[in-house]
Amino acid sequence: MPPLGLEALFVAIIDGDLARTKELVQRAIDQGTPPEEIVSRWMVPAMAEVGARFERQEYFVPEMLVSARAMQAGLALLKPLLTQRKVKPVATVVIGTVRGDLHDIGKNLIAMMLEGAGFQIVDLGVDVPAERFVQAVREHQADVLGLSALLTTTMPQMGAVIRAIVDAGLRDNIKVLVGGAPVTARFAAEVGADGYGESAAVAARVARKVLALDSAAP
Ligand code: B12
């Protein structure tokens, strides 16, 4: 059989066709397509197209929701492959989507990629208040705090979380990474984060960089 063109997967997610998304992801896995390629080349761009259609008012919340469900079902099949550890745990990451924000696909993807890269993950879910982040960082003695926000209205929450971490006296012991579609490197610097990751593909590299894990390498 010739290698599967994954345009059909891109379309299935945009159409919110959950069964077809699962079928195509499984087929791509069976054909040996690297999981990172399935996600970043086909699945993530499909969600960007869904967002573009929402912006053009061709799609509304229900359509975004069915596409999100198809995407999540596809990612569930890929999760075991993406989280397979190639190295022993290097550091602990507490991650969550900030208060007021229910978007979790990107955050989940970041968590999977970091887990695959050897990080221990404590995922607090969505709509997480600042106090809950503080509590988890303390309880798990986390090395990295990952904050996700997809809405311009919830981005300022990232600053609120960082301030709460400072007030709790924990800032010196933790590196803060921020990300999400509206987040930029400039915004990250403004709120006092240590790093910014634009995609799941770079998350592990950025996390290693802020922890200076590679500087000790020969
Ligand atoms: C799916 C979706 C939804 C789903 C979410 C389902 C779910 N379980 O997540 C539902 C239908 C619930 C939803 C609701 C809403 N949504 Co919505 N949604 C989207 C959509 C189409 C895709 C988001 C997504 O999953 N992308 C795929 C993932 C893989 O990408 P990502 O999230 O950007 O994550 C990547 C990077 O950003 C980065 N990253 C993300 N987090 C982190 C964290 C760290 C630490 C790091 C390092 C990196 C990182 O790495 C990720 C992987 O590569 C976007 C469009 C878009 N362009 O983003 C709109 C979008 C985000 N939504 C939008 C809006 C307006 C809403 C609603 C307000 C709509 C409404 N009227 O009710 C509500 C808000 C609900 C709430 N309180 O949160 C707007 C936001 C506009 C703005 N500027 O604020 C967008 C941009 C659509 C648009 N173009 O207008 N939405």
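## The sheet

Strand β1 (residues 91-97) pairs with strand β2 (residues 119-123) in the parallel sense, over five bridges. Two strands count as paired if DSSP finds at least two bridges between them. Helices (H or I, at least four residues) and strands (E, at least two) are DSSP runs, numbered from the N terminus. This is a predicted model: local features need pLDDT of at least 70 and side-chain atom pairs count only at pLDDT 80 or more, while totals for chains, interfaces and linings use all residues. Residues are numbered from 1 along each chain as its sequence is written.

β1 is also joined to β3, again by five bridges and in parallel. One residue pair from each pairing is listed below.

In general, strands of a sheet pair through backbone hydrogen bonds, either parallel or antiparallel. Here five strands form an open sheet with parallel pairing, in the order β2-β1-β3-β4-β5. β2 and β5 (195-196) are the edge strands, each pairing on one side only. Helix α9 packs on the sheet and touches β1, β2, β3, β4 and β5; its direction makes about 155° with that of β4. That angle is taken between N-to-C directions on a scale from 0 to 180 degrees, with axes fitted to C-alpha atoms, for helices over the stretch in contact.

β1, α5 and β2 make a right-handed β-α-β unit. Right-handed means that, with the strands pointing away from the viewer, the path from the first strand over the helix to the second runs clockwise.

## Two domains

The protein chain is assigned domain 1 (7-82) and domain 2 (91-210); such bounds come from an automatic or database domain assignment. Taken over C-alpha atoms, the domain centres are 24 Å apart. In domain 1, 10 residues are in contact with nine residues of domain 2, where contact means C-beta atoms, placed from the backbone, within 7 Å. On the side of domain 1 that touches domain 2, α3 and α4 each supply at least two residues, and α4 gives the most, with six.

## Around the ligand

Which residues are closest to the ligand? They are Gly51, Gly106, Ser148, Gly179 and Gly197, in a shell of 37 residues. A residue is near a molecule if its C-beta atom, placed from the backbone, lies within 6 Å of it. Domain 1 and domain 2 each provide at least three residues of the shell. α3 (35-55) is among the elements that supply at least two, and α3 gives the most, with seven residues.

Methods: Contact = placed C-beta atoms within 7 Å.
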